[in-house]
Amino acid sequence: QQQQQQQQQQQQQQKTQQQQQPYRSTAPPAQQRKPRPSSRPPAGSTDSSGAAGGHIAVQVEILRLGELVERQAAIRELATLAADSADQRRLVLQWNTPAYLTKMLEEDQMDFRELAAAGVSALALCGADVQAALAKAGAIPALVKLIQDDSASTARRASAAAIRNLADSHNRNQNIIAQAGALAPLVRLLKDSDAAVQAEASGALNNLAGEGTASFYEKQVRIARAGAIPALVKVLRSPEGEARHSAAVALSTLATDNVDNQVAIAQAGAIPVLVRLLSDERSLVREQAAAALGNLAFYQQETNRGNQVAIVEAGAAPILIALLSDKAERIAETAAGTLRNIMARNHENQLRVVQAQAIPALVRLLEIGRPTLQAEAAAALRNISPEDKMFKASLRSARAITTLRQLLDHTDERVRQEARDALFVLANDDPEVREALKG
């Protein structure tokens, strides 16, 4: 009986030892399957209920553990969900999506890094809170490293696009990106053999200038010091329209109210190229070329006389006047604004513009244009000197004064104000006009 008890004790000990052994798969490593995505939040995230939360949870798990194609589909879905509503965007952030994308940016396989950059680019378009979360997760240094990788142009393009979108209207990110050393690599990308990379780098530099922020001037200066201006002027000559467009936008931004940059852009040979682009086959290129020329001619309340003269000498006046009739109304509006700037306090330019038949074209905009077009046309007419007899005769024959008087009763406040200002300058010696202005 004692021997039987000992055998039972030994069997129990063997059973207990077997239960304490860790589980190990018997399959070869190549056959072991990755865990299936679950609907349980990763550690450190906030649990969220509801169908949307569960669906987002699954997509994030695929992002963490899926194969390349699966992750690609998950990124598209997460970006779509984040763009759809603020609640879904909050859930996407709660599930640590920025952190997982940042981790992907640091993976060994280039395909995964490129995909992560595309994911950051797509999510960054969903709002300032997502832009901030991506920066906080450490995406920016990883992207700056990726734009310097010479092995794949598609990865450079994706990472430049991500930087572009992270910087868009986000002052803090603009400074973080610059401090991470992105400017010099982005300027190098302007010389890339791939025009699509050049376009994204131009767009990134434009957004990093931070127009509208308190430190706009300082940002313009540091981009110029990084060597961006001559490189952007070269991109203006690209055979690809998207690259030409992005470079023109960036130069327009860098020229805005910055006389040093205006001089540097002119010295880099931009003005004749921009004048040629006024006739570009792409409407967006025409519009941005006109905008850049307008910004090169004027800063704050002063004129850049040297650039005004250079723009007219390059043959811009008749082309800008032709653009007043462009089918794309934004181009006509921009052309009117540029004519206004190149004529401001410059009698010689006014003469060239008037001789090119600007007055009848501007009056037509007063008669048939939308309010924004009418306002720009009135402002351009205001910059024509009333002391020149030929100008007065041209204004009279085109019925400019009569048409401006009719706009004093316009429903749009800006149109009324621009018409009043133009009449005050052009016809204040006319008793009837003076009486109309009193009203």
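Helix axes here are lines fitted to C-alpha atoms over the stretch in contact, and angles run from 0 to 180 degrees between N-to-C directions. By that rule, helix 13 (residues 216-225) and helix 15 (residues 241-255) pack at about 125 degrees, with axes 9 Å apart. This is a predicted model, where local features need pLDDT of at least 70, side-chain atom pairs count only at pLDDT 80 or more, and totals for chains, interfaces and linings use all residues. Residues are numbered from 1 along each chain as its sequence is written, and side-chain values use heavy atoms, with hydrogens and water left out.

**Overall make-up**

- The protein chain has 28 helices and two strands. Both are DSSP runs numbered from the N terminus: helices are H or I with at least four residues, strands are E with at least two.
- Of its 439 residues, 51% count as buried. Buried means under 20% relative accessible area, exposed means over 50%, and partly exposed lies in between (1.4 Å probe, protein chains only).
- Take the contacts in the protein chain with a separation of 6 or more: residues 24 or more positions apart account for 68% of them. A contact means heavy atoms within 4.5 Å.

**The nonpolar core**

- A nonpolar core is a set of buried Ala, Val, Leu, Ile, Met, Phe, Trp, Tyr and Cys residues joined through side-chain atoms within 4.5 Å.
- The largest one has 137 residues, and L186 and L274 have the most contacts inside it.
- Helix 6 (residues 110-124) gives the most to this core, with eight residues.
- L186 touches I147, A160, I163, A201, A204, L205 and L208, leaving aside residues up to four places away in sequence.

- Angles under 35 degrees count as roughly parallel, over 145 as roughly antiparallel, 65 to 115 as roughly perpendicular, and the rest as oblique.
- Helix 13 and helix 15, at an angle of about 125 degrees, are therefore oblique to each other.
- Their contact is made by F216, Q220 and I223 of helix 13 and by T253, L254 and A255 of helix 15.
- These contact residues divide into four nonpolar, two polar and no charged. Ala, Val, Leu, Ile, Met, Phe, Trp, Tyr, Cys and Pro count as nonpolar, Asp, Glu, Lys and Arg as charged, and the others, Gly among them, as polar.
- Helix 9 (residues 153-167) and helix 10 (residues 171-179) pack at about 140 degrees, with axes 8 Å apart. This pair is oblique too.
- Here I163, L166 and A167 of helix 9 meet N173, Q174 and I177 of helix 10. The residues of this contact are four nonpolar, two polar and no charged.

**Salt bridges**

- A salt bridge is a side-chain nitrogen of Lys or Arg within 4 Å of a carboxyl oxygen of Asp or Glu. The count comes to 21.
- R414 pairs with E376, their closest N and O atoms being 3.1 Å apart. R414 lies in helix 27 and E376 in helix 24 (residues 371-382), so the pair ties together parts 38 residues apart in sequence.
- R414 is partly exposed at 36% relative accessibility, whereas E376 is buried at 13%.
- R382 pairs with D421, with closest N and O atoms 3.8 Å apart. R382 sits in helix 24 and D421 in helix 27, 39 residues apart.
- D421 is partly exposed, at 27% relative accessibility.
- R340, E376, R382, R414, E418 and D421 are linked in a network of salt bridges.
- D429 and K392 meet in another salt bridge (2.9 Å, N to O). D429 is in the loop between helix 27 and helix 28 (431-438), and K392 is in helix 25 (residues 389-397), 37 residues apart.
- K392 is partly exposed, at 29% relative accessibility.

**Two loop residues**

- H410 lies in the loop between helix 26 (400-406) and helix 27 (413-427). H410 is buried, with a relative accessible area of 18%.
- H410 touches P371, Q374, V415 and R416, leaving aside residues up to four places away in sequence.
- G127 is in the loop between helix 6 and helix 7 (128-136). At 24% relative accessibility, G127 counts as partly exposed.
- G127 and A86 are 41 residues apart in sequence and 9.3 Å apart in space, C-alpha to C-alpha.
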